[in-house]
Amino acid sequence: MDISFIAIIFFIGLIGSFISGMLGIGGSIINFPMLLYIPSALGIAHFTAHEVSGITAIQVFFATIGGVIAYRKGELLNKKLIAYMGVSILIGSFIGGLSSTQIPESGINIVYGILAIIAAIMMFIPKKGLDDIPLEQIKFNKWLAALLALIVGIAAGIVGAGGAFLLVPIMLTVLKIPTRMTIASSLAITLISSLGAISGKVSTGQVEFLPSVIMVIASLIAAPLGAMTGKKLNTKVLQIILAVLIFVTAVKIWLDIL
């Protein structure tokens, strides 16, 4: 464990956590491939997929905490939305995790791939006037929000991945939540859903201690900075970055399937 190892892991944590805070996603879709391939390519470490998933589970939890803290003041954290979707996605991820043993790996990947394509398409649907609605006038269908979060949670639980990149387009396109409120509230919902992932990874010994600590430190530094950057960027720019990131994720999933 030399200085180059610490520096590379810290750098990876900074990038994923900054994007997490800025876009309201957990950051695992960025950190997972970086942790899996970069340390190995540089010859400083080799992590298995199980070890990477354990490290990123810890990173997502602390990155979302950092993001939520940055958004704690003001009206961007919609507590009612967080409560309905947070509880539902937690239940869904638990159900998905239990049922995943009954589904073949190819079937799991195809389900997630289809959802990723749907999410990518939704991000490119025009959202005219969405960010012109005053925050205090935001209304949404509570039971539809809960149902959609439950479905996302089941899918995320089945494949063992975060569901934030699926939640964001649903909140923007279906529930008509403004961009900045979507980003802030999505961080809080992802924080809740990550609790189940962490408990599972820790109890089964899939968490590497030192890399996790390095990633946590990076998360607590970078996630609030990402959130502050997200507050300043034009909402159209944020939507474009989100759309591109979700599209790239969808392509990656289908390349893995094919």
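Helices (H or I, at least four residues) and strands (E, at least two) are taken as DSSP runs and are numbered from the N terminus. The structure described here is a predicted model, in which local features need a pLDDT of at least 70 and side-chain atom pairs count only at pLDDT 80 or more, while totals for chains, interfaces and linings use all residues. Residues are numbered from 1 along each chain as its sequence is written, and side-chain values use heavy atoms, with hydrogens and water left out.

The secondary structure of the chain comes to 10 helices and 0 strands, and along the sequence the pattern reads α-α-α-α-α-α-α-α-α-α. The pLDDT, which is the predictor's confidence in each residue on a scale from 0 to 100, averages 80 over the chain, and 88% of the residues score at least 70. Among the elements of the chain, the highest mean pLDDT, 87, belongs to helix H1 (residues 3-23), and the lowest, 74, to helix H5 (residues 105-123). Of the 258 residues in the chain, 50% are buried, where buried means under 20% relative accessible area, exposed over 50%, and partly exposed in between (1.4 Å probe, protein chains only).

Helix H7 (residues 164-174) is largely enclosed by the rest of the structure, because 10 of its 11 residues are buried. The buried residues of H7 are Ala164, Phe165, Leu166, Leu167, Val168, Pro169, Ile170, Met171, Leu172 and Thr173. In the loop between H6 and H7 lies Gly163, which counts as buried at 6% relative accessibility; the C-alpha atoms of Gly163 and Ala149, 14 residues apart along the chain, are separated by 8.9 Å. Most residues other than glycine have a negative phi. Lys176, although not a glycine, has a positive phi of about 60°, and with a relative accessible area of 47% Lys176 is partly exposed.

The volume of the second largest pocket is about 170 Å³, a volume being the space filled by probe spheres set on the grid points, which are joined across faces, edges and corners. H5, helix H6 (142-159) and H7 each supply at least two residues of the lining, which includes Leu115, Met122, Leu148, Val152, Leu166 and Val174. The lining residues divide into 11 nonpolar, no polar and no charged, with Ala, Val, Leu, Ile, Met, Phe, Trp, Tyr, Cys and Pro counted as nonpolar, Asp, Glu, Lys and Arg as charged, and the others, Gly among them, as polar.

The axes of H1 and helix H9 (residues 209-232) come within 6 Å and cross at roughly 35°, where axes are lines fitted to C-alpha atoms, for helices over the stretch in contact, and angles run from 0 to 180 degrees between N-to-C directions. The residues of the contact of H1 with H9 divide into 19 nonpolar, 7 polar and no charged.

Elsewhere, Thr48 is found in the loop between helix H2 (28-42) and helix H3 (49-70), and is partly exposed, with a relative accessible area of 36%. Thr48 and Leu35 are 13 residues apart in sequence and 9.5 Å apart in space, C-alpha to C-alpha.

Definitions and conventions:
On a 1 Å grid over the protein atoms alone, a cavity is a set of points where a 1.4 Å probe fits but cannot get out, and a pocket is an open set with protein on both sides within 12 Å along at least five of seven lines; lining residues have an atom within 4 Å of a point.
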